[in-house]
Amino acid sequence: MAGILRAFGKIGQLLGLGLPVVAVILQLGNAISASRMLAMLLAAVSCFWIGRLVEGYAGHTP
């Protein structure tokens with residue numbers, strides 16, 4: 001069970017690190033507005049922190 005939680009946490013962190021790159025590229029190409037880019041950046045921060053919390057929790061479960 002801890003391995004699944006750890007993997008889920010890592011995926012969340014990777015998503016949180018990759019989403020800002022996609023958001024900036026889309027905004028530079030005028031595919032999305034600046035407010036939509038900021039919403040994506042907020043979602044990325046949330047994904048990263050939730051992933052980090054889940055990964056940390058997985059380290060403390062037997």
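Glutamine 13 touches Cys47, Phe48, Gly51, Arg52 and Glu55, when residues up to four places away in sequence are not counted; contact here means heavy atoms within 4.5 Å. The structure is a predicted model, in which local features need pLDDT of at least 70 and side-chain atom pairs count only at pLDDT 80 or more, while totals for chains, interfaces and linings use all residues. Residues are numbered from 1 along each chain as its sequence is written, and side-chain values use heavy atoms, with hydrogens and water left out.

Glutamine 13 lies in helix H1, where helices are DSSP runs of H or I with at least four residues, numbered from the N terminus. With a relative accessible area of 11%, glutamine 13 is buried. The cut-offs, found with a 1.4 Å probe and protein chains only, are under 20% relative accessible area for buried, over 50% for exposed, and in between for partly exposed.

A salt bridge is a side-chain nitrogen of Lys or Arg within 4 Å of a carboxyl oxygen of Asp or Glu, and a search of the whole structure finds two. In one of them, the side chains of lysine 10 and glutamate 55 meet with an N to O distance of 3.4 Å. This pair links distant parts of the chain, since lysine 10 sits in helix H1 (residues 2–28) and glutamate 55 in helix H2 (residues 34–59), 45 residues apart. Arginine 52 also forms a salt bridge with glutamate 55, and here the closest N and O atoms are 3.6 Å apart. Both arginine 52 and glutamate 55 lie in helix H2, three residues apart, which is about one turn of the helix.

Attention now turns to the nonpolar residues. A nonpolar core is a set of buried Ala, Val, Leu, Ile, Met, Phe, Trp, Tyr and Cys residues joined through side-chain atoms within 4.5 Å. The largest one has six residues, namely Leu19, Ala23, Ile32, Met37, Met40 and Ala44. H1 and H2 are the elements that give two or more residues to this core, and H2 provides the largest share, three residues. Isoleucine 32, one of the core residues, is in contact with Ala23, Leu26, Gln27, Met37 and Met40, leaving aside its neighbours within four places in sequence.
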